[in-house]
Amino acid sequence: QVQLVESGGGLVQAGGSLRLSCAASGGTFSRLAMGWFRQAPGKEREFVGGISASGGKWFYADSVKGRFTISRDNAKNTVLLQMNSLKPEDTAVYYCAAKRTYWGDTYYYTEVREYDYWGQGTQVTASS
């Protein structure tokens with residue numbers, strides 16, 4: 001069983017930056033594709049960014065492309081989300097997610113239903 005713990009959320013003015021961190025335990029991290037999702041009040045959970053198990057491939061939602069960067073450190077079992085130029089519409093609870101993969105899997109994943117494990121979420125608020 002994989003446990004995921006997010007940290008780094010908070011309140012920031014529009015235009016500011018935050019870095020989210022997700023620490024994984026209980027599994028082989030290098031076999032997990034990782035993703036970040038977010039959910040605003042009254043809205044469905046949506047994809048933000050995903051990275052393959054090796055870290056060699058990644059993908060972003062159009063709404064964050066050019067502002068957010070996803071990365072991972074397989075030696076530290078950690079995935080990061082650097083968020084720059086934050087906008088009020090980025091305000092949401094951000095979730096880290098992990099998907100079990102097989103040896104040689106080089107894909108990232110973008111759908112909620114594709115992921116096997118979820119963190120508890122961390123609140124990000126960008127004020128105008």
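**Close-up views of a predicted model**

View 1. Glu6 sits in strand 1; strands (E, at least two residues) and helices (H or I, at least four residues) are DSSP runs numbered from the N terminus. This is a predicted model, in which local features need pLDDT of at least 70 and side-chain atom pairs count only at pLDDT 80 or more, while totals for chains, interfaces and linings use all residues. Residues are numbered from 1 along each chain as its sequence is written, and side-chain values use heavy atoms, with hydrogens and water left out. Glu6 is buried but has no salt bridge. Buried means under 20% relative accessible area, exposed over 50%, and partly exposed in between (1.4 Å probe, protein chains only). A salt bridge is a side-chain nitrogen of Lys or Arg within 4 Å of a carboxyl oxygen of Asp or Glu. Arg45, the nearest side chain of opposite charge, is 7.5 Å from Glu6; Lys and Arg count as positive, Asp and Glu as negative, and His and the chain ends are not counted. The Glu6 side chain reaches the backbone nitrogen of Cys96 at 2.8 Å.

View 2. Four strands form an open sheet in the order 1-3-8-7, with antiparallel pairing; two strands pair if DSSP finds at least two bridges between them. Strand 1 (3-7) and strand 7 (68-73) are the edge strands, each pairing on one side only. From one strand to the next the twist averages 15 degrees, with axes taken as lines fitted to C-alpha atoms (for helices over the stretch in contact) and angles running from 0 to 180 degrees between N-to-C directions. Strand 1 is joined to strand 3 by five bridges, and Leu4 has Ala24 as its bridge partner in strand 3. Six bridges join strand 3 to strand 8, where Arg19 stands opposite Gln82.

**View 3. The two faces of strand 3.** In a regular strand the side chains alternate between the two faces of the sheet. In strand 3 (residues 18-25), the covered face holds Leu18, Leu20, Cys22 and Ala24. The uncovered face of strand 3 holds Arg19, Ser21, Ala23 and Ser25.

View 4. Strand 7 and strand 8 (residues 78-83) run antiparallel and are joined by six bridges. Ile70 has Leu81 as its bridge partner in strand 8. Asn77 lies in the loop between strand 7 and strand 8. Its phi is near 55 degrees, a positive value in a residue other than glycine. Asn77 counts as partly exposed because its relative accessibility is 26%. Ser85 is in the loop between strand 8 and strand 9 (92-100). The phi of Ser85 is near 50 degrees, also positive in a residue other than glycine. With 39% relative accessibility, Ser85 counts as partly exposed.

**View 5. The largest nonpolar core.** This core has 35 residues, of which Leu4, Met34, Trp36, Val79, Leu81, Met83 and Tyr94 touch the most other members. A nonpolar core is a set of buried Ala, Val, Leu, Ile, Met, Phe, Trp, Tyr and Cys residues joined through side-chain atoms within 4.5 Å. Strands that each supply at least two residues of this core include strand 4 (32-39), strand 5 (46-51) and strand 11 (122-127).

Note on methods:
Polar contact = N/O pair within 3.5 Å; in protein donor to acceptor, adjacent residues only side chain to side chain.
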